[in-house]
Amino acid sequence: MDTLKTSSMRYSDEVPEGVAPEIVSALAGFAVQWSGGAGAPHPHQDRYPGVLVKREDWLPAISALRDGAGLIWLVDHTAVDYPARRPARFTVVCILMNMATQARLIVKSRVAEGESIASLTGLWHAANWAERETFDMFGIAFEGHPDLTRIFMPEDYDGFPMRRDFPLQGHLRFQD
Amino acid sequence: MATQTADMLEATGSSEGSFLLSSVQAMANWSRKNSVWPLPLGLSCCGIEFMATAMSRYDMARFGMEVARFSPRQADLLLVAGTLTYKMAHVMTRLYDQMAEPKWVIAMGACASSGGMFRSYPVVQGIDEFVPVDFYIPGCPPRPDAVLTCLIELQKKIDKDRSYRLSFSAEKVEGQTPLVEQTQLPGRGEGPAVAMATAGEHFGEDGPQKRAFRGIKPEEVR
Ligand code: SF4
C-alpha cells in the first residue's frame, strides 16, 4: 500500500457511502484507496466515488469492474499531471458507468514519468483514441496499445503540451 | 492614372480597325490583376467571412475574383482565412508549393497574421513563419469591406509588377553586372518559393522565445 499512501486526506480505506456492493466485491482482491462519494467531506472531492488502484492492477481491476460490477461504459479516459508529486507525477483517470443503475465510478492510478500503464483497448475499442490523446498530451505510454502514435499534434512535434511544465506560450521549434 | 494599364489602353488610330500599343508586361499585369483566382483556405471563422465577401451582397466578382479554385494548380492567390495549426501548416505549405507562379498570399484576420488570440501550443503564430505573405488583413474577423480593400490593393500591387520588363531587358553583357538580378525581383517570377524559415530561426536564437516550445526539458523550463 505504500505507493498509494498520500499526505492529503483525500483517500482512505473506507468505502464511501453509495458505492454499490458489487463494485466493492469486484475490487475485493485489489489494494485500493477510496475517495469522493455522496458524503465526501472534503470540498474538493467529487460527488462521484473514486478509487485509486495500483499501476499493475489497472487492467485487471478495470476488467473486474466491467465484468463483475456492470460498469460497462468507458465514459472518459484521460490523465492529470501533478508536476511536483514524486515519484509518480501523473494520475491516469478513467470514468466508468453502469448503464442499468447510472452509477459512476472514477478509477485512477499513478504513473511516474517514463513508466507505462496497461492499455484498455482490449476491453473497449473506445479507449484507443483516448489513450492516443493521453500519450500525445502527456507522454504516458500504454502497453498493448495497437497504434500508439500522436493523434492531435504533428508527428514531428516535440514535447507534451498538457504537462504542467510545458511553456504556456511561445513559438514552436521543430527539430530537423 | 499613369499606370501601365493606362499606357496600354491608349489606342492609336481611329476606332475602326484600331489596335493597341502595349508592352507584354502591361498586358500580362492587366489580365492577371483582373482575374485573380483565389484558393480560399478557410480554416475557421474567417472562412465564413470570406464566404460573405464572395456572396452577392459584397460581390467579389466585381473584381474578377469570383472563381474560387479549390485546386492549387488553378489558383493565383492563396487566401489563408483562419487559424493555422502546426499540423495544418504542412498542408498549407504543400498547397502553396503546388500553385503556379505568379502567386500571391493574403493572411486574412488576426489568426493568420499573428496567431491572434491563440498564443498556445498548437497554433502557428502567423502564417509568415511558413510562406511569404503579400498582405495582412487586420480584424477578428475582418469585415468584407476590409477584404475587398485588400484585394483592390493586391490588384494595385500586381499592376506594378515589373518582372517581365526586367527579365527581357536585363540581358547579361559579359563583364557587366545587370541592374537587377532576376532573383532579386521585387514582384513575382522569382522562381520556386521555398518555405521561409522554421519558427525557431525566425525568432532568433537568444530571444525569450528560444526555449519556449522546444520540448520537454523541465529542468530548463523551471
Ligand atoms: S481572426 Fe478571429 S474570426 Fe478570424 S479565424 Fe481568428 S478567431 Fe476566427
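These legends describe close-up views of a predicted model. Local features need pLDDT of at least 70, side-chain atom pairs count only at pLDDT 80 or more, and totals for chains, interfaces and linings use all residues; side-chain values use heavy atoms, with hydrogens and water left out. Residues are numbered from 1 along each chain as its sequence is written, and chains are lettered from A in the order in which they are written.

**View 1. Chain A holds 3 helices and 7 strands.**
Helices (H or I, at least four residues) and strands (E, at least two) are DSSP runs, numbered from the N terminus. Along the sequence, chain A reads α-β-β-α-β-β-β-β-α-β. Chain A has 176 residues, and 51% of them are buried. Buried means under 20% relative accessible area, exposed means over 50%, and partly exposed lies in between (1.4 Å probe, protein chains only). Accessible areas come from the Shrake-Rupley method with a 1.4 Å probe; for residues, only the protein chains shown count as cover. Take the contacts in chain A with a separation of 6 or more: 51% of them join residues 24 or more positions apart. A contact means heavy atoms within 4.5 Å.

**View 2. Five strands of chain A form an open sheet in the order 1-2-5-4-3.**
The pairing is mixed. Strand 1 and strand 3 (73-81) are the edge strands, and each pairs on one side only. From one strand to the next, the twist averages 25°. Two strands pair if DSSP finds at least two bridges between them. Helix 3 (residues 127-138) of chain A lies across strand 3 and strand 4, at about 5° to strand 3. Axes are lines fitted to C-alpha atoms, for helices over the stretch in contact, and angles run from 0 to 180 degrees between N-to-C directions.

**View 3. Strand 1 of chain A pairs with strand 2 of chain A.**
The two strands run antiparallel, joined by 5 bridges. Look for A:Q33: its bridge partner in strand 2 is A:L52. Strand 1 (residues 32-36) is mostly covered, with 5 of its 5 residues buried.

**View 4. Strand 5 of chain A pairs with strand 2 and with strand 4.**
With strand 2, the pairing is parallel over 4 bridges. Here A:G50 stands opposite A:I106 in strand 5. With strand 4, the pairing is antiparallel over 8 bridges. There A:C94 has A:V107 in strand 5 as its bridge partner. Strand 5 is mostly covered: 7 of its 8 residues are buried. Strand 4 and strand 5 also form a hairpin, with 6 residues between them. In the turn, A:Q102 has a positive phi of about 65°.

**View 5. Strand 3 of chain A pairs with strand 4 of chain A.**
This pairing is antiparallel over 8 bridges. A:L74 stands opposite A:L96 in strand 4.

**View 6. A:I72, A:W73 and A:M99 make a nonpolar surface patch.**
The patch covers about 310 Å². Patches are made of residues with over 30% relative accessible area and no salt bridge: like charges are joined within 9 Å, nonpolar side chains (Val, Leu, Ile, Met, Phe, Trp, Tyr) within 5 Å. A:M99 sits in the loop between strand 4 (90-97) and strand 5 (104-111) of chain A. A:M99 is partly exposed, at 44% relative accessible area.

**View 7. A:E113 forms a salt bridge with A:R163.**
A salt bridge is a side-chain nitrogen of Lys or Arg within 4 Å of a carboxyl oxygen of Asp or Glu. In this pair the closest N and O atoms are 3.1 Å apart. A:E113 lies in the loop between strand 5 and strand 6 (116-118) of chain A, and A:R163 in the segment after strand 7 (141-143), so the pair ties together parts 50 residues apart in sequence. A:E113 is partly exposed at 38% relative accessible area, whereas A:R163 is buried at 5%.

**View 8. B:K157 and B:D134 meet in a salt bridge through their side chains.**
The N to O distance is 2.7 Å. B:K157 belongs to helix 6 (residues 144-159) of chain B, and B:D134 to the loop between helix 5 (109-114) and strand 6 (135-137) of chain B. The pair links distant parts of the chain, 23 residues apart. B:K157 is partly exposed at 32% relative accessibility; B:D134 is buried at 12%.
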